[in-house]
Amino acid sequence: TKHFPVRAGLRTLLTRDRPAVHAVDDVHLTLRRGQVTALVGESGSGKSTVARLLAQLYPRTAGSVRLHGQLVTVRGGRPFRAYARKVQMIFQDPFASLNPVHTVRYHLTRALRIHGNAGRTGADLDAALAQLLERVALTPAERYLDKFPHELSGGQRQRVAIARALGADPEVLLADEPVSMLDVSIRLGVLNLLRDLKERLSLAILYITHDIASARYFADETLVMYAGRMVEGGDSETVTQQPAHPYTRLLIDSAPDPDRITGEAGPDERERGDGEPPSLIRPPAGCRFHPRCPAAMPRCATDLPPRLDVGDRPGHWAACWLYDPEAAPPATAVGADR
Ligand code: SF4
Ligand code: MG
């Protein structure tokens, strides 16, 4: 089971702002060691909520999270503490996640100590700090250890935030738009670093992004979210090259250049001529995408589509009635019409 550190089924209603928001519904995912899973969607799709639920920053209203097959309690208890150590989060804005009055040394030492990974002697601690910085390619360590966050570039700050997460000796990294606030020129470097770490440390990485081109480049598996639900999943090559769900096609078609990782523009920032994502207060009945879908059929407005197998690639699925094997015309004919 070492390839299956986290398996989750999630549902949550956020009621902090009234009325209740159906932020995430019927979300199932498995994060495997040595694999990057991309969770792609527009802002407001619920993808960050999934990361926060997995990081236990939000309470889930229903569902379960398992680490190595063991159920994780919501707060407290040994399973929760083990999980809190093994599952680390990396945020979008490294400036906000690092304390401006503390040095790199402080942040990393604290992470090592909290998780019991600090050396017992000063020399052991220095070696552990140097190893963390080496892992994120900030060398030599002495050049960075006594710097404050404002003395570092955005990319260096995000590397420090990653090093801090590694201080817990995690199995899973939850990375919420980890490069979208960085200069375009250094995004690839940080994604490549995360990919190297995945290999070297056999990490499971959940990569949250609105940039489907970067998912294709960086992720082994891609999951697409729309309005709080997952609508398509499969290996990244298949999902991005042969998208099955009409929403995934819209995402790809509205990306500025699907072959380039810009992390910019995309549907989040561009004007949409084809409608907005729906409110999650009262989501549309049936398929939540039906008000925007060019392929919508009458049943789409009333019946929620289940996950259906697509085409011939194993593990490729879409929650879309176009792939209903019991419906005519055959889904493959419709799906091929792109
Ligand atoms: Fe479009 Fe219907 Fe498929 Fe939803 S189920 S994506 S509305 S065709
Ligand atoms: Mg977000």
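Among contacts between residues at least 6 apart in sequence, what percentage join residues at least 24 apart? In this predicted model, the figure for the protein chain is 64%.

1. **Overall make-up.** The protein chain has 338 residues, and 43% of them count as buried. Its secondary structure comprises 12 helices and 12 strands.

2. **The sheet.** Eight strands form an open sheet with mixed pairing. Their order is β6-β7-β8-β3-β9-β10-β12-β11. At the edges sit β6 (87–90) and β11 (308–309), each pairing on one side only. Helix α1 (residues 47–54) packs on this sheet. Helix α1 touches β3 (35–40), β6, β7, β8 and β9 (221–226). The direction of α1 makes about 150° with that of β8.

3. **One strand pair up close.** Strands β7 (residues 172–176) and β8 (residues 204–209) run parallel, joined over five bridges. Ala 175 has Tyr 207 in β8 as its bridge partner. Strands of a sheet pair through backbone hydrogen bonds, either parallel or antiparallel.

4. **The core.** The largest nonpolar core holds 86 residues. Leu 54, Leu 174, Leu 206 and Val 224 have the most contacts inside it. Helix α6 (residues 154–166) gives the most to this core, with six residues. Take Leu 174: beyond its neighbours within four places in sequence, its contacts are Ala 51, Leu 54, Ala 55, Val 87, Met 89, Ile 90 and Leu 206. In soluble globular proteins, nonpolar side chains tend to be buried together.

5. **The ligand.** Which residues are closest to ligand 1? They are Cys 287, His 290, Cys 293, Cys 300 and Cys 320, among 14 that surround ligand 1. The shell divides into 12 nonpolar residues, two polar and no charged.

Methods: Residues numbered from 1 in each chain as written. Chains lettered and ligands numbered in written order. Predicted model: local features only at pLDDT ≥ 70, side-chain atom pairs only at ≥ 80, totals over all residues. Helix = DSSP H or I, 4+ residues; strand = E, 2+ residues; numbered from the N terminus. Buried ≥ 20, exposed ≤ 12 C-beta atoms within 10 Å, placed from the backbone. Contact = placed C-beta atoms within 7 Å. Core = buried A, V, L, I, M, F, W, Y, C linked by C-beta atoms within 7 Å. Near = placed C-beta within 6 Å. Nonpolar A, V, L, I, M, F, W, Y, C, P; charged D, E, K, R; others polar. Pairing = 2+ DSSP bridges. Axes fitted to C-alpha atoms, helices over the stretch in contact; angles between N-to-C directions.
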